[in-house]
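Colleague: Could you take me through the side-chain contacts in this one? I'd like a close look at the charged pairs and the rings, in one go.

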Amino acid sequence: MKNFLQIFLLLILGSYTFQAQNNTVEDFIPEDYVLYEQVFGDLNKDKQEDCILIIKGTNKDNIVKNRFDEVVDRNRRGIIILFKTENGYQKATENIDCFYSENEDGGVYYAPELSFEIKRGNLIIHYAHGRYGWWKYIFRFQDSRFKLIGYDETNGGVVIRDEISINFLTKKKLTRKNSNEDSEGGDEVFKEMWSKITIDKLLNLSEIKDFEGLDMNY
């Protein structure tokens with residue numbers, strides 16, 4: 001009887017290990033969502049290729065006609081971060097609808113384009129808006145959370161009018177304003193100003209309701 005129980009437990013453990021070693025990124029996609037994009041890179045400095053999943057909702061009620069009478073999918077997008085381990089993937093965090101659809105109405109201009117990058121172990125969420133400039137959020141994995149440690153913004157496309165860079169770790173903000181009114185791009189003359197910001201704690205990626213509602217006016 002004892003031998004039988006040992007064999008049974010070994011079979012159960014072996015089955016669990018096999019499943020863990022053979023899970024795929026698709027196993028982490030929630031019901032009623034689809035995979036939109038994948039990005040790979042080391043996010044926790046263990047020299048393993050972690051995975052960022054960008055997912056998208058599939059609610060049919062969010063497939064609508066835009067002002068040009070085109071049928072577009074306005075389902076929101078979200079993010080799931082998976083750490084690669086010796087036994088497969090392990091979910092580190094998620095926020096399943098914090099980004100707007102890629103089919104948002106930009107008004108007189110196109111809506112900002114969203115992209116993701118892993119650089120020096122940090123997650124960078126980047127919005128590009130053509131002639132209006134760009135902005136990006138920088139997250140680092142620390143204290144078992146993905147925390148917002150930086151924010152950069154550029155106002156202007158070919159000719160940069162001003163820039164800001166916020167370091168939430170040092171609680172400092174750099175503002176750079178172009179004083180060359182005749183600038184044609186690449187010949188800007190920036191005046192720099194440093195200031196301190198006040199924050200109680202670093203913001204967690206999982207806590208952000210929507211990125212379009214984030215206030216970076218520190």
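Modeller: A salt bridge here is a side-chain nitrogen of Lys or Arg within 4 Å of a carboxyl oxygen of Asp or Glu. Bear in mind that this is a predicted model. With that cut-off, a search of the whole structure turns up 10 salt bridges.

Let's start with R76 and E212, whose side chains meet at 2.7 Å, N to O. That pair links distant parts of the chain: R76 is in the loop between β4 (71-73) and β5, E212 is in the segment after β13 (190-196), and the two are 136 residues apart. R76 is partly exposed, with a relative accessible area of 25%, and E212 is partly exposed too, at 40%.

Next, D69 and K65 form a salt bridge with their closest N and O atoms 3.6 Å apart. D69 is exposed, with 54% relative accessible area, and K65 is exposed as well, at 55%.

D143 is exposed, with a relative accessible area of 59%, whereas K147 has 15% relative accessibility, so K147 counts as buried.

There's also a network of salt bridges, which links K56, D73, R77 and E102. R77 turns up again with a ring: R77 lies over the face of Y36, at 5.2 Å from the ring centre. Another arginine does something of that kind, as the charged end of R176 sits over the ring of F190, 4.1 Å from its centre.

That brings us to the rings themselves. The structure holds 14 aromatic pairs. One of them is F83 with F146, a tilted pair at 6.0 Å centre to centre and 45° between the planes. F83 lies in strand β5 (residues 77-85) and F146 in strand β10 (residues 145-155), so this pair ties together parts that are 63 residues apart in sequence. Both F83 and F146 are buried.

Then take Y100 and Y127, an edge-to-face pair at 6.0 Å centre to centre, with 75° between the planes. Y100 is in the loop between β6 (88-99) and β7 (113-119), while Y127 is in strand β8 (residues 122-128), so the pair ties together parts 27 residues apart in sequence. Y100 has 12% relative accessibility and therefore counts as buried. Y127 is buried as well, with a relative accessible area of 3%.

H129 sits in the loop between β8 and β9 (133-142), and at 14% relative accessibility H129 counts as buried. The side chain of H129 also reaches the backbone oxygen of Y110, at 2.8 Å.

Notes: Residues numbered from 1 in each chain as written. Predicted model: local features only at pLDDT ≥ 70, side-chain atom pairs only at ≥ 80, totals over all residues. Heavy atoms only, no water. Phe/Tyr/Trp six-rings, centres within 6.5 Å; stacked < 30°, edge-to-face > 60°. Helix = DSSP H or I, 4+ residues; strand = E, 2+ residues; numbered from the N terminus. Buried < 20%, exposed > 50% of the residue type's maximum accessible area, 1.4 Å probe, protein only. Lys NZ or Arg CZ within 6 Å of the ring centre and 35° of its normal. Polar contact = N/O pair within 3.5 Å; in protein donor to acceptor, adjacent residues only side chain to side chain.
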